[in-house]
Amino acid sequence: MCAHLPEVSAWGFWGRKEGNQAKETSSSEIAKEESINFPRNVSGTYKGSWKATKIMNSTNSKMKFLNKQSGVIIFQLTSTPTKEEDVQYIQGEVVLREGMYVTSEDVHMMLEGVYIRPLGELQAAEHLALYGFYPREKAETPPQELRTDPALGSPEEATAAAPKPDFDFHKRCKFKMNGHLTDPEETALDPEKPRPHKKDHELPKMLQFNGTVVSENCDIELEVNTTSIQLQAYYNKAINYTLMVTCIGLAQMLLLMQQIDYTNTQARLSKVSLLTIGQQAIIDAYLCLLHLTVGIVMEHLFNAFATAAFFEFVTFSVLEMRYMLTIWKARQPANVDSWNTLRRELSILYSRFYGFLLGGIILIYQMQSMLRYLLVVFYSFWWPQIFHNAYSDVHKPLSPQYILGISATRLAIPLY
């Protein structure tokens with residue numbers, strides 16, 4: 001794997017020299033206390049910000065990236081041991097964005113280099129043979145084995161509109177990334193006290209990378225500050241969340257079936273508000289779409305989110321829609337003129353429901369900044385029942401178990 005790399009010394013990637021002559025000091029001569037503050041394993045995904053300290057206007061005008069003075073940087077590193085005990089071979093992908101979200105102007109590049117543990121220093125250069133420094137629409141698709149993090153963007157997106165680049169190296173920017181990796185927990189410890197032993201393969205809870213991304217031939221210099229992302233911790237939290245949603249969905253199904261059994265006569269069915277049940281059905285439809293979308297985006301968690309979406313789908317499409325139809329039939333007069341009239345009224349009911357469903361999606365999209373207020377409106381599903389009770393002078397349309405159970409389970413997800 002490392003055969004194509006330049007000669008690696010114990011102190012640098014390019015045989016770095018201090019002054020006129022490099023110091024020929026082997027890694028075994030470095031004091032153990034000097035290297036204890038630096039992490040052993042630096043593999044992982046890092047996310048943070050970049051700030052331009054030098055960008056030539058002429059360069060910026062020729063290339064369609066780095067139009068702003070700051071942005072977001074995400075990179076994924078994979079470290080491999082080498083013959084040198086304190087030197088690791090580093091390979092990874094870097095993504096530069098000028099905003100928080102994925103756009104066609106995102107810049108991808110593949111880097112390889114070394115991590116020198118006694119110094120806590122990472123030195124990496126752009127790997128021209130693997131992947132060039134181009135905007136996304138001009139970039140060649142990187143190797144699939146290095147595209148494992150969903151935060152970097154899917155390989156299909158990069159492949160969709162990616163003509164093969166023109167490898168004219170003297171016209172393109174050649175980047176290097178230099179910086180230091182530190183473990184905040186290790187740095188905060190008292191140097192006079194004994195430190196807890198960590199195995200070489202053990203990943204720290206959090207790492208910080210501070211350094212620069214520099215292109216000398218394009219006269220570009222970016223200051224980079226990032227923190228490692230604990231993907232496994234997020235995955236564990238997501239699994240716990242889907243388990244909670246699945247249990248909530250099962251409980252809501254049981255409560256709804258108990259409520260259907262409670263209103264087993266036409267007189268009791270007519271007391272239930274259609275808007276109250278319809279509003280809850282819309283909430284379950286949104287949750288089903290949301291969980292299914294998250295499962296598609298995060299492939300590793302698809303089964304967990306798809307299970308949660310399945311229970312929401314059954315509650316929404318089978319139980320709540322059926323209950324709405326039963327309530328609607330109970331309110332219809334016994335002497336309906338014809339089947340065409342009944343079918344027309346039923347079509348109006350379904351049209352209103354799906355119209356509200358689609359209108360709510362548009363409203364959420366247009367008013368994303370006021371999502372909290374919209375959440376309050378959507379979850380005010382008891383108000384229509386209260387107004388219906390006062391207007392029609394009805395009593396006890398819903399069972400106490402249904403009211404308490406649904407109130408608790410509906411609030412669980414927003415409060416989580």
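**Salt bridges and a surface patch**

Modeller: Keep in mind that this model is predicted. Start with Arg410 and Asp284, which form a salt bridge with their closest N and O atoms 2.6 Å apart. Arg410 lies in helix H12 (residues 400-415) and Asp284 in helix H7 (residues 274-297), 126 residues apart.

Colleague: What makes Glu320 and Arg410 a salt bridge?

Modeller: The N to O distance is 3.2 Å. The cut-off is within 4 Å, so the pair counts. This pair also links distant parts of the chain: Glu320 is in helix H8 (residues 302-331), Arg410 in helix H12, 90 residues apart. Shared partners join Asp284, Glu320 and Arg410 into one network.

Colleague: How many salt bridges does the structure hold?

Modeller: It holds 2.

Colleague: Why is Arg410 called buried?

Modeller: Its relative accessibility is 3%. Buried means under 20%, so Arg410 qualifies.

Colleague: Now the surface. Which residues make the nonpolar patch?

Modeller: Leu289, Leu358, Ile361 and Ile362 make it, with an area of about 360 Å². Helix H9 (residues 339-366) gives the most, with 3 residues.

Colleague: Why is Leu358 called exposed?

Modeller: Leu358 sits in helix H9. Its relative accessibility is 53%. Exposed means over 50%, so Leu358 counts as exposed.

Methods:
Residues are numbered from 1 along each chain as its sequence is written. This is a predicted model: local features need pLDDT of at least 70, side-chain atom pairs count only at pLDDT 80 or more; totals for chains, interfaces and linings use all residues. Side-chain values use heavy atoms; hydrogens and water are left out. Patches are made of residues with over 30% relative accessible area and no salt bridge: like charges are joined within 9 Å, nonpolar side chains (Val, Leu, Ile, Met, Phe, Trp, Tyr) within 5 Å. Accessible areas come from the Shrake-Rupley method with a 1.4 Å probe; for residues, only the protein chains shown count as cover. A salt bridge is a side-chain nitrogen of Lys or Arg within 4 Å of a carboxyl oxygen of Asp or Glu. Helices (H or I, at least four residues) and strands (E, at least two) are DSSP runs, numbered from the N terminus. Buried means under 20% relative accessible area, exposed over 50%, partly exposed in between (1.4 Å probe, protein chains only).
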